[in-house]
Amino acid sequence: MATETLQTTPEVGGMGHSVKRKEDPRFIRGAGEYIDDLNLPGQLWLDIVRSPYAHARIKSIDSSEALKVPGVAAVVTGKDLEGYKLHWMPTLAGDMQMVLPVDTVMYQAQEVAAVIATSRYAAADGVAAVLVDYEPLPVIVDPHKALEKDAFVLRPDRAADKQNNHIWHWESGDRAKADAALAAADVRIEEDIYIPRIHVASIETCGCIADWDPVRQQLTLHMTSQAPHAIRTVLALVAAGAGLPISEQNIRVKTHDIGGGFGGKVPVYPGYVLAVAASFLIGKPVKWIEDRSENLQADSFARDYHIHAELGATKEGKITGLKVRTIADHGYSDAAADPSKFPAGLFNVITGSYDFPDAFVEVDGVYTNKPPGGVAYRCSFRVTEAVHAIERMVDILAHDIGKDPAQLRMENFIQPEQFPYKSPTGWEYDSGNYPAALQKAMDIIDYPGLRKEQAEKRARGELMGIGICSFTEIVGAGPSHDFDIIGLKMNDGCEIRVHPTGKVLARIGSQTQGQGHETTYAQIIAEELGFPVADIKIEYGDTDTAPYGLGTYGSRSTPTSGASTAMASRKIRDKARKLAAHLLEASEDDLEWTNGKFSVKGSPDRSKTIQEIAFAAYTNFPQGMEMGLEAVDYYDPPNLTFPFGSYICVVDIDKGTGQVNVRRFVAVDDCGNIINPMIVDGQIHGGLTMGLAPALYESITYDENGTNLAGTFMDYLLPTALETPAWEVAKTVTPSPHHPIGAKGVGESATVGAPPAIANAVVDALWHLGVRNIDIPITPQKVWAILREKGVS
Amino acid sequence: MTTQHISVTVNGEAREADVEPRLLLVHLLRDVFGLTGTHIGCDTSNCGACTVHLNGESAKSCTVLAVQADGAQIKTIEGMADGATLHPLQQAFWDQHGLQCGFCTPGMIMQAAWLLDQNPSPNEHEIREGISGNLCRCTGYVNIVKAIQQASGQLQAGESAPVEAAATTAG
């Protein structure tokens, strides 16, 4: 808990001020430095030959014509990498993934060979000239078929006892108690819910420049990574395994500016490794920049969860039990980036915002002929899938027993006085006030008025629906006793240096991809130490200088690095107190800290500002004290944080076309104490839009041959400004009781909460026609087909 | 390799280059002239990150060959500010938090500038329609719309949209 509550002026710009972003001047002038903006002397270009087949044996690769193309320097195949044992690499989930195949390709668009050339265009010419002879093999697209007894084995490289397509089984909760609760329930509902495969599609694709200096034995990897330190360590381990002379002190990962991440820039992709290998072999910098079609067809996907859920309740609508069985389609390799103990992420937060005793959830990971993955899409480790399932089920229950969905939620919520609340799957929710958030959303949108309007419209044959989602997020991974990725504990650092003139340099282990860390972390320091935000510089994304951290995803930056920033600031304030006591010739106990200065209690005119103290730290410090004013902190969170919110969506459906129009959307979020309200609102606006997207537009589907049917932005529909409604946002504030500044994290709440609110609104509009569930994305085509089937015109 | 000599004026400065006929205008700007503020976000002219002004018209520079631009006047994001003075749209995007990762921002600003050139006082729908060829993955467009409203004099810096003013109190 905060030891001293600080209030700052707008000029200082601490917690709660909508400080304009410090990073923006370079972006609005086109002076950002994204990976493709960077070019190094002598640089070569790498481009990738990709498989047109989803499953095929490689009979031969003929590079001879490619090597005749002007500018082409080399063609690298899997057989070349095999000599260095670099043809396979570990994934963050502990599975193995090919860098380049030696004999078999496993998905359409998989990397088959790399061409290195003197220019972007020459490399592309070389790719077109590589001749690969394939023998197509049977394809498994459906994970259910992959599990059938006679299904062929996709990964014969695995151990003898794992010669099937089942990757892992994971379960949580008490199966027997959940079964008993369901058996005893007055009302029991059962539903299949599919959360389709989607892609983060950050507007900047992935890329890197690998720069191996053979003289200095130094590898600098400029790359688009949300977790640069973890990448450095993985590279060092892979290099050691391959016997290469690249050791961790000589590996420097630099991220520069990143054009959106959303989880897609957490994994290690073959393109990065190929660029490193090529630079190592050739001794020159090698640049790899992905095309959009490569990005959509080969990079890690999100979701792809086939959920079967059963919910039990009393006839009055009190929930009594939940049981969930899920098939997780991981493609040909589990390349998720979940914490090690949690192969299905935090999916077992699926009991949501509701208080009931018995739940059981199980997930089975399965291989198919699709790209590897299972990363997030602006979602904290499978929470979106969980929230969608429970919020759909609760809505179906309400409609089934004829109770208003808002009322049913109110009657089942965990109540404010029940926190900290132990969930039936073992989580301890730190804090919450669910009824307040839902009530606020209902008041803003005039919920009773909308229900009246809906009744009138239904009487006239018009289709209008109101959908609610009251989600609970679980973010901030995490406490070292439970959370690691490939063994690395998920604690993130902050290092603060106060210069003699009272200016501050702070470095953090998390990594911004647009979140505004250069501003918000400065605000935390401003709040804690009283330095104006303008005097504080935040750095990150250079592993030679920034303290270790597991990076930014899962809404974890503020809960982890944000906490370490506050704690490092407090270490500095502790030393500043000793310096102030020395300067003021007073006892430390007689000093009080207000508005960026220490003063003697009862004599406010006897004081020293933090700037005066900073100068003294280098010019006039007591004998025996170390010079300087610096601190480092690595924060091990005692628990996760649990942001929450209630969203209400109003849709109108065009009976002629099946088009769903989101007329209004009110989002009430509670992310605890707020560092910068402007930035929090921006995060929610963006998150809502990335919730709208999979609810109505985006999905990656495959034909029976395993060919990606949404491989460009022509077919994978990101919402434009026209599809996106004018979001209405509001807040409640329930501080986290264990986070140093009471914050919780906010980046993904809205992506988690929006899809079920929209889906619930559409089903609400169609319930009277006998519609219980529509899987997202709810396209006009799906709705139109339902309307025709139900005889609506 | 056959090349063709072209002359263009970029942000008021005469530039020349010998280019392959297949070179895209966006690669001329970025890789030949070093003007990396114009970005590339897709292969299919959907995202608009590469938007520049070509002879005063908004154009997606990934869809124009450099040789087609021979003799043209080109304006990019680097030509928008007047020294230390930001273009009103640049200022408005900063004031209204109209950007997050910043990757779509140059294209968005160039498109918005052309929109305001055609229609100095667009309503919200006209703004949304006017930027519908430019994709943003971070902002949800709310604050981009506000930024364009500010630049067109319809909203003051620091002024919030009405729905938010009614709603953003702590409960």
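**A loop residue and its setting**

A: The residue A:K85 sits in the loop that runs between helix 3 (78-82) and strand 4 (88-90) of chain A. Helices (H or I, at least four residues) and strands (E, at least two) are DSSP runs, numbered from the N terminus. The model is predicted: local features need pLDDT of at least 70 and side-chain atom pairs count only at pLDDT 80 or more, while totals for chains, interfaces and linings use all residues. Residues are numbered from 1 along each chain as its sequence is written, and chains are lettered from A and ligands numbered from 1 in the order in which they are written.

A:K85 is not a glycine, yet its phi is positive, near 55 degrees.

A:D446 lies in the loop between helix 12 (434-445) and helix 13 (447-459) of chain A. With 14 other C-beta atoms within 10 Å, A:D446 is partly exposed.

Two loops of chain A hold a cis peptide bond. One joins A:F419 and A:P420, with omega about -5 degrees, and A:P420 belongs to the loop between helix 11 (405-412) and strand 18 (421-422) of chain A. The other runs from A:I776 to A:P777, with omega near 0 degrees; A:P777 is placed in the loop between helix 18 (749-766) and helix 19 (780-789) of chain A.

Chain A also contains an open sheet of 3 strands in the order 26-27-28, with antiparallel pairing. Its edge strands, each pairing on one side only, are strand 26 (591-594) and strand 28 (603-609) of chain A. Strand 26 and strand 27 (residues 597-600) of chain A are joined by 4 bridges in the antiparallel sense, where pairing requires at least two DSSP bridges. In strand 27 of chain A, A:V600 is the bridge partner of A:L591.

The domain assignment divides out domain 1 (24-32 + 492-635) and domain 2 (432-475 + 640-793) of chain A, with bounds from an automatic or database assignment. The centres of these two domains of chain A, taken over C-alpha atoms, are 39 Å apart. Their contact takes 15 residues from domain 1 and 14 residues from domain 2 of chain A, two residues being in contact if their C-beta atoms lie within 7 Å. Helix 14 (517-529) and helix 15 (557-584) of chain A each give two or more residues to the domain 1 side, and helix 15 of chain A has the largest share, with 6 residues.

Chain A meets chain B as well: 54 residues of chain A and 52 residues of chain B take part in the contact. Among the elements that give two or more residues to the side of chain B are helix 2 (88-95) and helix 3 (105-118) of chain B; helix 2 of chain B gives the most, 4 residues.

Within chain B, helix 1 (residues 25-32) is mostly covered, as 6 of its 8 residues are buried. The buried residues of helix 1 of chain B include B:L25, B:V26 and B:H27, and they pack against strand 2 (13-19) of chain B. After helix 1 of chain B comes B:G34, with a positive phi near 75 degrees.

Conventions. A residue is buried if 20 or more other C-beta atoms lie within 10 Å of its own, exposed if 12 or fewer, and partly exposed in between; C-beta atoms are placed from the backbone.
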